[in-house]
Amino acid sequence: MRLEMSSADLNESDIDAVVAVLRSGRLALGPKTVEFESAIADYTGVKYAIAVSSGTAALHLIVRALGIGLGDEVIVPSFTFAASANAFLFEGARPRFVDIEAETYNLDPEDVEQQITPRTRAIMVVDVFGQPAEWEALEAIAAKHNLLLIDDCCEAIGAEYRGKRLGAFGQAGAFAFYPNKQMTTGEGGIITTNSEEIARICRSLRNQGRDEMGAWLTHVRLGHNYRITEMSAALGLSQLKRLESFVEKRAQVAHQYRQALADIPGLKTPFVRSGVRMSWFVYVVTLPEGTDRDEIIARMDARGVAVRGYFAPLHRQQYMKPYLLEDRALPVTENIAARSIALPFHNNLSRAEIDYVAAALRAALLNEGP
Ligand SMILES: *Cc1c(COP(=O)(O)O)cnc(C)c1O
């Protein structure tokens, strides 16, 4: 048996949707992109959605639309994917990395508030592994200190905080559709916002800085080519129709994992706060203190189970060194990151496969052969 980390849930309707675009001959800047945007806006409950070529592109355009750049500081968790911080580095803004809560692995609001300086412009909120961050506390901090809030909800489509879908929080949100996410467009991402101004600027920036009404070779600002293809938009539309069932299937897989792993001593399974709807992106467990994580990963791999350390803290990455404002320890982040691993996780993981992973992890922790 060989179990991979993730697997996209593709069916004949998805394939037909992409083939239909190819047959139509309209491969870019067409009706599927417009339709996908309005479907995502409806789903998340916002006025505007702007589809782009990746989640990273979505984050980058939000930062540019908000005018965050040289001389600005921003608050970013270190326990996240690199794009959450890189979106600011591209524009010359400097991140102040903050620690996470020991239970949810989301931003610790207390540490956020302590790291605010007169230069701070924004907080990058990340809803880690599909669990909504502490939005009430973060919104209060942002209001008190007059800061912008950006939601990197790339791992959390379908999640809700107190009955409200993610994507509708802060000035703007970014979703991502790489094949390991809850739903996929191959490559792709989307910006969600209620701001007409942010929407207008992002539409222009993704399309080489053109104005919506302007001539093809007239550029009103320095833009990018961050457009999505019609094939991707059509796949996204088709996947979105099944997203609710995907979120439910993933919750079921997570539930079965919790049961299967319950009797492993010292193993910490994910904690989900009350008042939120989790949209499971990955299933991350935290190994007992003092475990050699790399050794466990190797033993699991030898049993045919792909697992991965999740995350590698950004403030300790080599490439980040020149950008760090201070060399500050983040004790919770460093402790958790050294012990957390993502197990194979997708919509259609069977009970037998889940049991196999649990048995492999139990054996790896006890170092039982083979
Ligand atoms: C997936 C992801 C992104 C965006 O990734 P792309 O590969 O650019 O689509 C951004 N932030 C987080 C936290 C993610 O998990």
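Which residue just after α10 takes a positive phi? In this predicted model, the residue is glycine 304, with a phi of about 85°.

Helix α10 covers residues 293-302. The buried residues of the helix are Arg293, Ile296, Ile297, Arg299 and Met300. Viewed down the axis of α10, these buried residues fall within an arc of 165°, so they line one face of the helix. Asp294 and Ala302, on the other side, are exposed. As for what lies over the buried residues, the cover includes β12 (308-309), α11 (331-337), β13 (340-343) and α12 (351-366).

Let me move to helix α7, residues 196-206. How many of the eleven residues of α7 are buried? Eight are, which makes this a mostly covered helix. The buried set consists of Ile198, Ala199, Ile201, Cys202, Arg203, Ser204, Leu205 and Arg206. Their cover includes the helices α2 (31-44) and α3 (55-65), together with the strands β1 (48-52), β8 (172-176) and β9 (189-193). Just after α7, glutamine 208 has a positive phi of about 65°.

Leaving aside neighbours within four places in sequence, cysteine 202 is in contact with Ile50, Leu61, Ile62, Ala65 and Ile191. For a sense of distance along the chain, lysine 47 is 155 residues away from cysteine 202, while their C-alpha atoms are separated by 14 Å.

Next, the sheet. Three strands form an open, antiparallel sheet in the order β7-β6-β10. Its edges are β7 (164-165) and β10 (276-277), each of which pairs on one side only. Strand β6, residues 160-161, is joined to β10 by two bridges, and the two strands run antiparallel. Which residue of β10 is the bridge partner of tyrosine 161? The partner is valine 276.

I turn now to serine 238, which lies in helix α8, residues 230-240. Is serine 238 buried or exposed? Its relative accessibility is 7%, and the limit for buried is 20%, so serine 238 counts as buried. Not counting residues up to four places away in sequence, serine 238 touches Ser13, Asp14 and Ala17. With one of these, aspartate 14, there is a polar contact between side chains, at 2.6 Å.

Finally, the largest pocket. Its volume is about 410 Å³. The lining comprises 24 residues, of which Phe81, Tyr178, Asn180, Lys181 and Phe281 are the closest to the centre of the pocket. The elements giving two or more residues to the lining are α3, α4 (83-89) and β12. The largest share, three residues, comes from α3.

Key. Residues numbered from 1 in each chain as written. Predicted model: local features only at pLDDT ≥ 70, side-chain atom pairs only at ≥ 80, totals over all residues. Heavy atoms only, no water. Helix = DSSP H or I, 4+ residues; strand = E, 2+ residues; numbered from the N terminus. Contact = heavy atoms within 4.5 Å. Buried < 20%, exposed > 50% of the residue type's maximum accessible area, 1.4 Å probe, protein only. Pairing = 2+ DSSP bridges. Arc of directions from axis to C-beta. 1 Å grid on protein atoms, 1.4 Å probe; cavity = no way out; pocket = protein on both sides within 12 Å on 5 of 7 lines; lining within 4 Å. Points joined across faces, edges and corners; volume = space filled by probe spheres on them. Polar contact = N/O pair within 3.5 Å; in protein donor to acceptor, adjacent residues only side chain to side chain.
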